[in-house]
Structures are given as C-alpha cells and as structure tokens.
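Please read the following report alongside the sequence and the structure. It begins with a pair of side chains and then widens to the whole chain.

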Amino acid sequence: MADYREAPLATRPRTLDPNDYFNLSPEKRRADEERAALRANLKRQYQTQLNNPHRKELIEDPALTRWVYARSNPYPHFRPTFKTSLLGFACGVFPLFALYYIFKTDRVR
C-alpha cells in the first residue's frame with residue numbers, strides 16, 4: 001500500500017482514511033477488541049453446537065429466529081414511507097386503471 005496513488009478525478013473515501021485506522025484512541029481499540037472477542041466467542045459456541053456428533057436437539061440461532069419472525073409478521077414492522085406508497089400505487093392501483101382503460105376503450109381497426 002506504500003505505492004498507492006489516488007486517482008486524479010476521485011478522492012479517497014473517508015472510510016479509507018489511514019488516520020481512522022492507525023490513529024485510534026486506546027479506548028476505541030479496546031472496545032473493538034472486546035466486540036471482536038465477543039463475536040469470536042459466539043461463533044465458537046455455535047460451531048461447537050453445530051459440529052457435536054452426539055447432538056439430539058435443534059440448535060437455536062437467535063438471529064435466525066428474529067429474521068424468520070420478522071419475515072413471517074411484516075405488518076408490525078411496516079413503516080409507510082414515500083417509497084412504499086409509490087410502490088403500492090404502482091403495483092396495486094395503476095394496473096387496475098390500465099386494465100380498465102385497455103378493456104373499455106373502443107378498439108376499432
């Protein structure tokens with residue numbers, strides 16, 4: 001990375017700024033290491049449960065359980081926005097009027 005040259009027409013994104021990686025405070029480094037250790041511990045526990053040859057019960061993954069619940073019950077988590085309203089109009093209302101126009105107009109040829 002020592003011979004890296006930035007492109008003349010593009011700037012380096014802020015996420016690739018070396019000051020964000022190398023000039024970290026000790027508190028931020030410690031917090032990152034704690035999060036990485038927690039993730040590694042959870043991954044190790046899941047892998048040991050998954051690869052247990054004497055396993056009799058199902059393995060519960062809490063993240064997968066939350067995802068399945070959110071996919072099966074979308075209405076409590078639905079938020080009406082401009083995008084969802086536009087999609088509802090484009091997929092629900094517009095085709096009805098388009099089909100009405102196609103079937104009810106006089107097609108003389």
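Lys28 and Asp32 are four residues apart in helix H2, so about one helical turn separates them. In this predicted model, their side chains meet in a salt bridge with an N to O distance of 3.8 Å. A salt bridge here is a side-chain nitrogen of Lys or Arg within 4 Å of a carboxyl oxygen of Asp or Glu. Side chains of opposite charge can pair when their charged atoms come close.

Asp32 also forms a salt bridge with Arg35, where the closest N and O atoms are 2.3 Å apart. Because Asp32 and Arg35 are three residues apart in helix H2, they too are separated by about one helical turn. The count comes to two salt bridges, and Lys28, Asp32 and Arg35 are linked by them in a network.

Buried means under 20% relative accessible area, exposed over 50%, and partly exposed in between (1.4 Å probe, protein chains only).

| Residue | Relative accessible area | Class |
|---|---|---|
| Lys28 | 41% | partly exposed |
| Asp32 | 27% | partly exposed |
| Arg35 | 44% | partly exposed |
| Asn51 | 54% | exposed |
| Asn73 | 29% | partly exposed |

As for conventions, residues are numbered from 1 along each chain as its sequence is written, and side-chain values use heavy atoms, with hydrogens and water left out. Local features need pLDDT of at least 70 and side-chain atom pairs count only at pLDDT 80 or more, whereas totals for chains, interfaces and linings use all residues.

The secondary structure of the protein chain comes to four helices and zero strands, and its elements run α-α-α-α from the N terminus on. Helices (H or I, at least four residues) and strands (E, at least two) are DSSP runs, numbered from the N terminus.

Asn51 lies in the loop between helix H2 (26-50) and helix H3 (62-72). The C-alpha atoms of Asn51 and Glu6 are separated by 46 Å, the two residues being 45 apart along the chain. Asn73 is found in the loop between H3 and H4. From Asn73 to Glu60, 13 residues apart in sequence, the C-alpha to C-alpha distance is 19 Å.

Phe94 is found in helix H4 (residues 82-104). Together with Phe89, Val93 and Phe97, Phe94 makes a nonpolar surface patch of about 420 Å². Patches consist of residues with over 30% relative accessible area and no salt bridge, with like charges joined within 9 Å and nonpolar side chains (Val, Leu, Ile, Met, Phe, Trp, Tyr) within 5 Å. An unreviewed UniProt entry annotates residues 84-103 as "transmembrane region"; such annotations may be inferred rather than shown by experiment. Over residues 84-103 the chain is 100% helix and 0% strand, with 28 Å between the end C-alpha atoms.

Along the principal axes, the C-alpha atoms fill a box of roughly 75 × 60 × 25 Å.

Of the 109 residues, 0% count as buried. The protein chain exposes about 11,200 Å², of which carbon and sulfur atoms supply 61%. Accessible areas come from the Shrake-Rupley method with a 1.4 Å probe; for residues, only the protein chains shown count as cover.
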